[in-house]
Amino acid sequence: MTSRKRPQDLRSHRWLGPNDLRSFGHRARLRQGGFDAGDFADKPVIGIINTWSDINFCHSHLRARAEDVKRGVLQAGGFPIELPAMSLSEPFVKPSTMLYRNLLAMETEELLRSHPMDGAVLLGGCDKTTPALIMGAISMGLPAIYVPAGPQLRGNWHGQVLGSGSDAWRYWDEKRAGRISDEQWAEIEGGIARSYGTCMVMGTAATMMAIAEALGLSLPGASSIPAADAAHPRMCAASGRRIVDMVWEDLTPQRILRPAAFENAIRVHMAMGGSTNAIIHVVAMARRVGLPLDMQRFDQLSREVPVLANVRPSGKFLMEDFFYAGGLRALMAELREKLDLSCLTVTGKTVAESIAGAEVYKRDIIRPLSDPVSSEGATAVLTGNLAPRGCVMKPSAADKRLLKHRGKAIAFEDYNEMAREVECDDLDVTPNHILVLKNGGPKGGPGMPEWGMLPIPKKLVKAGVRDMLRISDARMSGTSYGACILHVAPESFVGGPLAFVETGDEIEVDVPARRIHLHVSEEQLARRRAAWKPPVPRYPRGYGALYSEHIGQADEGCDFDFLEPRGAIAEPEIH
Ligand code: FES
């Protein structure tokens, strides 16, 4: 039992408490905002980091939800301050939101550090916003609670359920094959995203929101609540109430994020059939706490935990259905025997208490361990001479015939070349070929864009082919599917072996053995390496240049080297 803070122990007291000229200025400016001294004196100041923006429709409701959080903070005797942060709208930000994840993490950390904040409520959900907010909050070290934006409602077209991303890819191939018309395609465009909230398949957003909850960083059950459900603003207000007590209890992320919490989160990720992107983000979050987390650990756990959530793209249903089936608490209860139930959460209680009484209401949506959706793990980590530091794949979303495969490569130097070639009717390609895309990694993309689900060549699509092996150093959207091998490390842009693959080379992939091998002799590879010229850096100046200089590879979590823990940063001087 830790002792509670006293008002004079609050961090904000340095700004607001002293009887001096500077504090007079701070208090006078709060009163300029219409607040009385009693509104803030001796109260925890709660920073609500809000990633709302006019161009992020996954977060459209967060403007209103911040008010619900404030209501909760006020009810519990805190003083809320909303701080807008960059929104990282997945569909619009180019070349990739991943280029900016670390920038949002830095913004989160520095917003909290530079202002008189005692605790933080983190409002996000659209893909990179979740890890970014959490990484920043970890590095700042203040008590923080994560409020997930929640998934949007199911898509609908002619009475058929549509899933974000997954059904766009699927119907795009139908359109390329001439099976649906332009009019039908336009109708799908109007029906695939029906409400505010995040993508509602088990994409990166749903995966990361669930991981945040499994880590213990949000209220139990929060991550599964659809954005449009009335339970969502209630959860926001409850989070606002809870953060005030977390400040008094000094319940920081460092106290919650023990190694076992990360193991729980990875197990939940596997049971959810989560996005491959999660590996990068979980590694990055763990490293911010100072915990080295190896990609191999994901592979080991994927062999122990089958996919239980029957949600697309690995399964059939959507996140709205998952909520009605009992949500994450029910799934974690199903996984009980594989979790460390003693881990602490933002509630101040254990995971055991968080999932007590949780039940599965729809057995076809949340399966038991004895009857999983797929015994193939959600994430396999392969290594070999083509990926010495590893690469990842989602076997549960791939055609099983491709899990052990040897074929000839068709290698593309960049995305534009690949995009042109796959549309050519005379491309020399069969379903047994392996498409290889270079220069899609952290530095090469730049920003490791979600290019990894390379389009099936049009010629094959017309012949009815819907999956083939594809290899790249890019990521793929969590809403994507297929036999896509991703995150090859080191990437081709920095001279990883992927750079030396040529069309016609044979590649062998053996997912059960976790191997990937380029059948080219060492001597030949050495000759190609000697002839290779490093590409010109992508950016001459600015944030991109900073990014390129400091970004880590996929297996390291793609964090900036200077953001990794290196001792405490002093509180700002107040003069
Ligand atoms: Fe925002 Fe998918 S686009 S979560």
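This is a predicted model: local features need pLDDT of at least 70, side-chain atom pairs count only at pLDDT 80 or more; totals for chains, interfaces and linings use all residues.

Student: Where is aspartate 321 found, and which residues does it touch?

Tutor: Aspartate 321 is found in helix α15, residues 319-324; helices (H or I, at least four residues) and strands (E, at least two) are DSSP runs, numbered from the N terminus. Leaving out residues up to four places away in sequence, aspartate 321 touches Arg154 and Ile365, where contact means heavy atoms within 4.5 Å.

Student: And why is α16 described as largely enclosed?

Tutor: Because seven of the eight residues of α16 are buried, this helix is largely enclosed by the rest of the structure. Those buried residues are Gly327, Leu328, Ala330, Leu331, Met332, Ala333 and Glu334, and what covers them includes α9, α12 (259-272), α15 and α17.

Student: New topic, then: how many cavities does the structure hold?

Tutor: The structure holds three cavities of 30 Å³ or more. On a 1 Å grid over the protein atoms alone, a cavity is a set of points where a 1.4 Å probe fits but cannot get out, whereas a pocket is an open set with protein on both sides within 12 Å along at least five of seven lines, and lining residues have an atom within 4 Å of a point. A volume is the space filled by probe spheres set on the points, which are joined across faces, edges and corners.

Student: What lines the largest cavity?

Tutor: The largest cavity has about 90 Å³ of space, and its lining residues include Glu213, Arg329, Met332, Val351, Ser354 and Ile355. Two or more residues of that lining come from each of α9 (204-215), α16 (327-334) and α17 (351-355), and α17 gives the most, with three residues. By class, the lining has six nonpolar, four polar and two charged residues; here Ala, Val, Leu, Ile, Met, Phe, Trp, Tyr, Cys and Pro count as nonpolar, Asp, Glu, Lys and Arg as charged, and the others, Gly among them, as polar.

Student: What about the second largest cavity, which classes of residue are in its lining?

Tutor: The lining of the second largest cavity has nine nonpolar, no polar and no charged residues, around about 50 Å³ of space. The lining is made by Leu122, Ile134, Ala137, Ile138, Ala144, Ile145, Tyr146, Leu217 and Pro253, with α6 (129-140) and β4 (144-148) as the elements that give two or more residues.

Student: What sits in the loop between α6 and β4?

Tutor: Glycine 141 is found in that loop, and it is partly exposed, with a relative accessible area of 22%. Glycine 141 and threonine 252 are 111 residues apart in sequence, yet 6.0 Å apart in space, C-alpha to C-alpha. Not counting residues up to four places away in sequence, glycine 141 touches Thr252, Pro253 and Gln254.

Student: Which elements line the second largest pocket?

Tutor: That pocket has a volume of about 460 Å³ and is lined by 22 residues, of which Glu109, Arg113, Ser139, Gly567 and Ile569 lie nearest its centre. The elements that give two or more residues to the lining are α5 (101-114), α6 and α13, and α5 gives the most, with four residues. By class, the lining divides into 10 nonpolar, four polar and eight charged residues.

Student: Last one: which residues of helix α7 are buried?

Tutor: In helix α7, residues 166-176, the buried ones are Ser166, Asp167, Tyr171, Asp173, Glu174 and Arg176. They pack against β5 (155-157), β6 (160-162), α8 (182-191), α18 (415-422) and α19 (458-462), and α7 is followed by glycine 178, whose phi is positive, near 80°.

Key:
Residues are numbered from 1 along each chain as its sequence is written. Side-chain values use heavy atoms; hydrogens and water are left out. Buried means under 20% relative accessible area, exposed over 50%, partly exposed in between (1.4 Å probe, protein chains only).
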